[in-house]
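Here is a short walk through one model. Keep the sequence and the 3D view open as you read.

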Amino acid sequence: MTVGAVTVGFALCGSFCTFSRALPQMQALLDAGYEVLPIMSFNAGSIDTRFGKAADFIEKIEAMCGRKVIRSILEAEPIGPKKMTDIMLIAPCTGNTLAKLANGITDAPVTMAAKSHLRGARPVLLAVATNDALGASAQNIGRLLNRKHYYFVPLSQDDSQKKPTSLVAHFDLIVPAVEAALAGKQLQPVFLAPDPK
């Protein structure tokens, strides 16, 4: 499979502070020759925050990818049956989404996109960004690390002194993590020592 034939489902959840890291990686995938199908959770696609307005993000993403953002369960459901994606990347992946994936809950566009994509036994890559990764979300990370077809973008504590349970993926490793997951491999090491900047 050539890179030009590979479509990455790029799903964004509501870790709004990491959008500034996620969007450049969306462009990096496009620059590397991948096709990108953008998907947003209900919150990511509707809530305005101090990090930007939802409508502005949607406009920017659609212009970048040349495709409409998938923002509903109905729009996400055909992803698997129609084989619309070769890999599903969830970046950022919040603690809420981790919990839903680990427990088979499908009640939103991103979780439906992942479930639909997984029916074809294709890889799902998670770029975690959550303040409770080493707290309540730790069990869900553990479950998904041991579940077939799930892979992680390498991650580390982002502020070990002020937020000791927080982990954030190294977004700059998304492209090599995608390449590894497409080959059925987990990019190593999974847990990195330095805090990502």
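Start with the aromatic rings. Phe16, Phe19 and Phe57 form one aromatic cluster. The model is a predicted one. A search of the whole structure finds two aromatic pairs.

Take the pair of phenylalanine 16 and phenylalanine 19. Their ring centres are 5.5 Å apart. Phenylalanine 16 has a relative accessible area of 14%. Buried means under 20%, so phenylalanine 16 counts as buried. Phenylalanine 19 is buried too, at 2% relative accessibility.

Now move to the pair of phenylalanine 19 and phenylalanine 57. Here the ring centres lie 5.0 Å apart. The planes stand at 80°, so this pair is edge-to-face. The cut-off behind that label is an angle over 60 degrees. Where do the two residues sit? Phenylalanine 19 lies in helix H1, residues 19-31. Phenylalanine 57 lies in helix H2, residues 54-65. The pair therefore ties together parts that are 38 residues apart in sequence. Both phenylalanine 19 and phenylalanine 57 are buried.

Next come two helices that meet. Two packed helices are described by the angle between their axes and the distance between the axes. Helix H4 covers residues 95-102, and helix H6 covers residues 138-145. Their axes come within 9 Å. They cross at roughly 50°. That angle makes H4 oblique to H6. The crossing of H4 and H6 is left-handed.

Which residues make the contact between H4 and H6? From H4 come Leu98, Ala99, Leu101 and Ala102. From H6 come Asn140, Ile141, Arg143 and Leu144. Sorted by class, the contact has six nonpolar residues, one polar residue and one charged residue.

Last, look at leucine 192. This residue is in the segment after helix H7, which spans 174-182. Is leucine 192 buried or partly exposed? Its relative accessibility is 23%, so leucine 192 counts as partly exposed. What does leucine 192 touch, leaving out residues up to four places away in sequence? The contacts are Pro154, Leu155, Ser156, His170 and Leu173. Alanine 169 gives one more distance to check in the 3D view. Leucine 192 and alanine 169 are 23 residues apart in sequence. In space they are 9.3 Å apart, C-alpha to C-alpha.

Technical notes:
Residues numbered from 1 in each chain as written. Predicted model: local features only at pLDDT ≥ 70, side-chain atom pairs only at ≥ 80, totals over all residues. Heavy atoms only, no water. Axes fitted to C-alpha atoms, helices over the stretch in contact; angles between N-to-C directions. Helix = DSSP H or I, 4+ residues; strand = E, 2+ residues; numbered from the N terminus. Parallel < 35°, antiparallel > 145°, perpendicular 65-115°, else oblique. Left-handed = near helix turned anticlockwise from the far one by under 90°. Contact = heavy atoms within 4.5 Å. Nonpolar A, V, L, I, M, F, W, Y, C, P; charged D, E, K, R; others polar. Phe/Tyr/Trp six-rings, centres within 6.5 Å; stacked < 30°, edge-to-face > 60°. Buried < 20%, exposed > 50% of the residue type's maximum accessible area, 1.4 Å probe, protein only.
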